[in-house]
Amino acid sequence: MADESLPVRGNAAEETDLLRRIRQGETERFADLISRHQHHVIRIVARRVPADQVEEVVHDVFVRAYVGLSQFSESVSLDHWLAGIAIRACYDFWRARKRAELPVSALTDEHHRWIEQVLATQSNDRFHDQARKREAAEVLEWALGQLSPENRAVLTLVHLDGYSVREAADLLGWSVVNVKVRAHRARQALRKLLTNSSRGSA
Amino acid sequence: MAHRDDEIQKVERALIESYRSRSDLQFRAADVTQGVMREIRQKSESGRWDPSVVLDQLVWRTATIAAAVVLAVTVVTVGLIRATPGESEGLLAEEFESAPLYGDY
């Protein structure tokens, strides 16, 4: 499982006190909360949105967190709660982008060559080398770009991050059944894309 | 030519590994603290985004909707209870009077 919802090291009592102060009106204390959890949120967002959009989405996450602070029950860690907000903010980012109907980049010859090289690889070391190439990240981005925002969110959480269906449902605020169905459909869609990605048919 | 199932699994594994091997170093972004605090201060000054204000608004909205629903249900229920006995008698009488019997034509 990914460690995105794991709590950051820190004094829990100190954090409770910080939250209490913010809720009582010490707005400036929210800056301490941002400093403590910023890196955690950036890690989640940077894996999900283009690099030039990370800052804007992280900003949005903390504004949403401030607005919704009164609804934070402390039954979960603050990190886990922020992870949920971050994941939903990224989902909203892709929904907005889909509405704007921005064109999705196509696979190039380089990418097709990378796929062929992966398929031809026999040893583990060479396979790992291929997976670390720039083309791998680009092919993944291309494939995710073809999916609906819902399927993209679920596929990223369940198949790429390694969360369980229940955990993914909790983070997205969706039902377990919905996430389970989407996880299956998203995986099928990804496989179909890769199946048809051979030279000339993409 | 399309890829075979085992080939697809291999590409899938490579993509998952690519995703998981991304270094944390590339996740450095500018500090958002100042920007967020500026926005929060602006909204707090106008009183729109204070957490307690948001909670208050939520409580009042929920209470208003709940009260409206209870009122509507009460009115409908009272209306049904009052209407039922008299209405059934009246309707029956009306039906006997107005419905033509065989041979009345």
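**Chatting about chains A and B**

Me: Which side chains meet in a salt bridge at 2.6 Å, N to O?
Reply: That would be R187(A) and E12(B). Keep in mind that this is a predicted model.

Me: OK, and how many salt bridges are there between chain A and chain B?
Reply: The count is five. There are also 17 residue pairs in polar contact across the interface, with both residues at pLDDT 80 or more.

Me: Which helix of chain A gives the largest share of the side that touches chain B?
Reply: Helix 2, with nine residues. As for the kinds of residue on that side of chain A, 24 are nonpolar, 15 polar and eleven charged.

Me: How many residues are in contact between the two chains?
Reply: 50 from chain A and 41 from chain B. Together the chains bury about 4,500 Å², and carbon and sulfur atoms give 62% of that. On the chain A side, R47(A), L119(A) and R191(A) supply 15% of the buried area, more than any other three residues.

Me: Switching topic: which residues touch the most other members of the largest nonpolar core?
Reply: F30(A), V45(A) and F62(A), in a core of 51 residues. Helix 4 of chain A gives the most, twelve residues.

Me: What is F62(A) in contact with, leaving aside its neighbours within four places in sequence?
Reply: Its partners include F30(A), L33(A) and L82(A), plus V32(B) and V36(B) from the other chain.

Me: And what's in the second core?
Reply: That separate core has 24 residues, among them F127(A), L140(A), L144(A) and A14(B).

Methods:
Residues numbered from 1 in each chain as written. Chains lettered and ligands numbered in written order. Predicted model: local features only at pLDDT ≥ 70, side-chain atom pairs only at ≥ 80, totals over all residues. Heavy atoms only, no water. Core = buried A, V, L, I, M, F, W, Y, C linked by side-chain atoms within 4.5 Å. Buried < 20%, exposed > 50% of the residue type's maximum accessible area, 1.4 Å probe, protein only. Helix = DSSP H or I, 4+ residues; strand = E, 2+ residues; numbered from the N terminus. Contact = heavy atoms within 4.5 Å. Buried area = accessible area lost by both parts, 1.4 Å probe. Salt bridge = Lys/Arg side-chain N within 4 Å of Asp/Glu carboxyl O. Polar contact = N/O pair within 3.5 Å; in protein donor to acceptor, adjacent residues only side chain to side chain. Nonpolar A, V, L, I, M, F, W, Y, C, P; charged D, E, K, R; others polar.
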